[in-house]
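These are my notebook entries on a predicted model.

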Amino acid sequence: MPRTHTIYAIEHISTGKVYVGRSGYVHSRRNSHLNQPAQNTVIGREIKRLGKDQFSFRILDTAATILEAGKRERFWVHLLESNDPRFGYNNPYIYALEPLPTINRLMLPIHGMSKTVERLTTCRHICTAACCV
């Protein structure tokens, strides 16, 4: 049976800062992030410093292939701005030069939302303001 690749978010509960990642083995990846945080990553250092109980783990998306998972991960990094240190923990240099991927229709389950965003381009936040609706 083909493996499903999962795109996930780890969110600091009180600040809303988020890390976006992907894995073919999401449950073991979740456990390694939260129970054995890497000291060579920003998210790892923050989990170690603040404690794993200060973070939530959410599945954002899935993909059938590793190539598609990479595209979906980049989309979520840009959408949630997790490569901006003000909003997230992803490395800003990895995603800085890439254009924001455009997805025509997408359901957004994160932050308790389930609205449809059409022709998402460069909105700087997730909200229900005129730019997002």
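**Entry 1: the faces of strand 1.** On one side, His5, Ile7, Ala9 and Glu11 are buried.

**Entry 2: the partners of strand 1.** I next asked which strands are joined to strand 1 by bridges. Strand 3 is joined to strand 1 by eight bridges, and the two run antiparallel. Within strand 3, I found Arg58 opposite Ala9. Strand 2 is also antiparallel to strand 1, with six bridges between them. Here I recorded Arg22 of strand 2 as the bridge partner of Ile7.

**Entry 3: the turn.** I followed the chain between strand 1 and strand 2, which form a hairpin with five residues between them. In this turn, Gly16 has a positive phi of about 80 degrees.

**Entry 4: helix 1.** I turned to helix 1, which spans residues 26–35, and found Val26, His33 and Leu34 buried. Why do the buried residues line one face of the helix? I looked down the axis of helix 1: its buried residues fall within an arc of 85 degrees, and therefore they line one face. Finally, I looked up what these residues pack against: strand 1 (5–12), strand 2 (18–23), helix 2 (42–50) and strand 3 (55–63).

Terms used:
Residues are numbered from 1 along each chain as its sequence is written. This is a predicted model: local features need pLDDT of at least 70, side-chain atom pairs count only at pLDDT 80 or more; totals for chains, interfaces and linings use all residues. Side-chain values use heavy atoms; hydrogens and water are left out. Buried means under 20% relative accessible area, exposed over 50%, partly exposed in between (1.4 Å probe, protein chains only). Helices (H or I, at least four residues) and strands (E, at least two) are DSSP runs, numbered from the N terminus. The arc is that of the directions from the helix axis to the C-beta atoms. Contact means heavy atoms within 4.5 Å. Two strands pair if DSSP finds at least two bridges between them.
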